[in-house]
Amino acid sequence: MGRQLATQMHVAPGDVIAIVGQGADGSLANDLFTVAALVSTPVDFVNREAVLMPLDTARQLFVMEDEAHEIVVYASDPQQADVLATTL
């Protein structure tokens with residue numbers, strides 16, 4: 001979990017949080033998760049708003065067996081974004 005988000009929510013490692021959203025099929029996606037760690041990254045969005053989990057867990061939670069809603073790639077050299085996008 002992003003450290004800033006955890007601070008805002010008064011959450012620490014070992015606490016249980018509820019993740020609630022909508023599955024790709026329109027169903028209610030909800031489950032309880034234990035916070036394993038807090039992360040600080042160079043990506044502000046991750047620090048402020050993200051909960052990270054294994055891809056298989058996210059796919060199961062959001063009923064996205066072989067789909068992805070968003071893929072975020074952080075590159076060390078923004079000038080190489082076009083080359084990176086082509087490679088991916």
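Predicted model: local features only at pLDDT ≥ 70, side-chain atom pairs only at ≥ 80, totals over all residues.
Visitor: Which residues make up the largest nonpolar core?

Guide: In soluble globular proteins, nonpolar side chains tend to be buried together. Here the largest nonpolar core has 10 residues, namely Met-1, Leu-5, Ala-6, Val-11, Ile-17, Ile-19, Ala-29, Phe-33, Val-35 and Leu-61; such a core is a set of buried Ala, Val, Leu, Ile, Met, Phe, Trp, Tyr and Cys residues joined through side-chain atoms within 4.5 Å. At least two residues of this core come from each of α1 (3-9), β1 (16-22) and β2, the helices (H or I, at least four residues) and strands (E, at least two) being DSSP runs numbered from the N terminus.

Visitor: Is Val-35 buried or exposed?

Guide: Val-35 has a relative accessible area of 6% and is therefore buried, since buried means under 20%, exposed over 50% and partly exposed in between (1.4 Å probe, protein chains only). Val-35 is found in the loop between β2 (28-34) and α2, and, leaving aside neighbours within four places in sequence, Val-35 is in contact with Met-1, Val-11, Ala-12, Pro-13, Gly-14, Asp-15 and Ile-17.

Visitor: Which residues are linked in a network of salt bridges?

Guide: A salt bridge is a side-chain nitrogen of Lys or Arg within 4 Å of a carboxyl oxygen of Asp or Glu, and by this rule the count comes to 2. The network links Asp-44, Arg-48 and Glu-49: Arg-48 meets Asp-44 at 2.4 Å, N to O, and the closest N and O atoms of Arg-48 and Glu-49 are 2.9 Å apart. Arg-48 and Asp-44 both lie in helix α2, 4 residues apart, about one turn of the helix. Arg-48 is partly exposed at 35% relative accessible area, as are Asp-44 at 41% and Glu-49 at 45%.

Visitor: With which residues is Asn-47, leaving aside its neighbours within four places in sequence, in contact?

Guide: Asn-47 also lies in helix α2 and counts as buried at 10% relative accessibility; with those neighbours left aside, Asn-47 is in contact with Gly-2, Arg-3, Gln-4, Leu-5, Val-39, Ser-40 and Thr-41.

Visitor: What volume does the largest pocket have?

Guide: On a 1 Å grid over the protein atoms alone, a pocket is an open set of points where a 1.4 Å probe fits, with protein on both sides within 12 Å along at least five of seven lines, and lining residues have an atom within 4 Å of a point. Grid points are joined across faces, edges and corners, and a volume is the space filled by probe spheres set on the points. The largest pocket has about 880 Å³, and of its 21 lining residues the closest to its centre are Val-51, Met-53, Ala-58, Phe-62 and Glu-70. Both α2 (44-49) and α3 (55-61) supply at least two residues of this lining.

Conventions. Residues numbered from 1 in each chain as written. Heavy atoms only, no water. Contact = heavy atoms within 4.5 Å.
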